[in-house]
Amino acid sequence: MADFNAAAKGSVDPELQDFLMAEKQKAQLSAQIHEFNDICWEKCVEKPGNKLDGRTESCLNNCVNRFIDTSLFITNRFAQTLQKSQAGM
């Protein structure tokens, strides 16, 4: 009953906030993976067949790895910038 009253007053349960944030991150990751699939498919696959040839497989691996490298670089750079701005406060 107390939890209901707290929610009714506008405060949100921290566990619920954590859960919602985790679900949002999962959805963002899923969307990013689908975007990688679409972009790399268009770039690398000329004619879909029963199996990938070596060139297509290599192209797909390189394409996805570059997206991952770029995403990690941007994430790390953002974290560094955030840390510097918080240290300056």
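Trainee: Is the link of C40 and C63 left-handed or right-handed, and what is the angle about the S-S bond?

Mentor: Keep in mind that this is a predicted model. A disulfide joins C40 to C63, with S to S at 2.0 Å. The link of C40 and C63 is left-handed, and the angle about its S-S bond is -85°.

Trainee: Which helices hold C40 and C63, and how many residues apart in sequence are the parts that the pair ties together?

Mentor: C40 belongs to helix α2, residues 14-44, while C63 belongs to helix α3, residues 54-87. Because the two cysteines lie in these two helices, their link ties together parts whose separation in sequence is 23 residues.

Trainee: Is C63 buried or exposed?

Mentor: A residue counts as buried when its relative accessible area is under 20%. For C63 that area is 8%, so C63 is buried.

Trainee: What is the angle about the S-S bond in the link of C44 and C59?

Mentor: Here a disulfide joins C44 to C59, with S to S at 2.0 Å. The link is left-handed, and the angle about its S-S bond is -70°. C44 sits in helix α2 and C59 in helix α3, so this pair ties together parts that are 15 residues apart in sequence. To come back to the angle you asked for: -70°.

Trainee: What is the pairing when the bonded cysteines are numbered in sequence order?

Mentor: The structure holds 2 disulfides. One joins C40 to C63, and another joins C44 to C59. Numbered in sequence order along the protein chain, the bonded cysteines pair as 1-4, 2-3.

Technical notes
Residues numbered from 1 in each chain as written. Predicted model: local features only at pLDDT ≥ 70, side-chain atom pairs only at ≥ 80, totals over all residues. Heavy atoms only, no water. Disulfide = S-S within 2.5 Å. Helix = DSSP H or I, 4+ residues; strand = E, 2+ residues; numbered from the N terminus. Buried < 20%, exposed > 50% of the residue type's maximum accessible area, 1.4 Å probe, protein only.
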